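This report describes a group of charged side chains and how they pair.

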Amino acid sequence: LVHVLPLAAVVALDGQAQHVHPQAPQRALVAAAHRDLLQPEHALPLLRSVLAGGQHPDASIHLGIALANSGEPLQAIEVYERYLVEHPDHGGHAVVLSNIGGCLSTLGRTEEAEQYHRRAIALDPEQGGPRWNLMANLFKQGRLDEALAVIAEAAALPFHTPQTRAD
């Protein structure tokens, strides 16, 4: 979606997004741009307004990321767990599982986090993100040899852009 609307134009809309774009997909796009720019104070209310209007799986993922980035890992975990229950057939479960792992790692629950990263890898072995997250988790646990092995696995994966993964 960001390819459709230049990021500068999205950011220029700032807090006006609710009024300028009353439709949920446009608000979600603006919110995701704010999330990517590490502006959760703008992203969170927009994403919550999108979700209040109905089921929007991608907005749930964006909300979880924005919450985690704003220092609310427990709230992010709640959003992610609800996503897994409410959207059993939607793609993105590997990302969500690994994001839960990241939140758990932030909370110091690294062994539990590791299990989430491994579940994500098992679910989508070709996706590199969960492997990189597992590597960071293993480093945090002081398991350097295992972390280096995971880096080697991740580096051996084919590079996929979002478009090539969709094809």
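Glu 146 and Arg 143 join their side chains in a salt bridge, with N and O 2.7 Å apart. A salt bridge here is a side-chain nitrogen of Lys or Arg within 4 Å of a carboxyl oxygen of Asp or Glu. The model is predicted: local features need pLDDT of at least 70, side-chain atom pairs count only at pLDDT 80 or more, and totals for chains, interfaces and linings use all residues. Residues are numbered from 1 along each chain as its sequence is written, and side-chain values use heavy atoms, with hydrogens and water left out.

Arg 143 also pairs with Glu 114, their closest N and O atoms lying 2.6 Å apart. Because Glu 114 sits in helix H8 and Arg 143 in the loop between helix H9 (129-140) and helix H10 (144-156), this pair ties together parts 29 residues apart in sequence. Helices are DSSP runs (H or I, at least four residues), numbered from the N terminus.

Glu 114 forms a salt bridge with Arg 118 as well, at 3.0 Å from N to O. These two residues are 4 residues apart in helix H8 (residues 110-123), about one helical turn. The structure holds 5 salt bridges.

| Residue | Relative accessible area | Class |
|---|---|---|
| Glu 114 | 6% | buried |
| Arg 118 | 34% | partly exposed |
| Arg 143 | 24% | partly exposed |
| Glu 146 | 36% | partly exposed |

Definitions and conventions. Buried means under 20% relative accessible area, exposed over 50%, partly exposed in between (1.4 Å probe, protein chains only).
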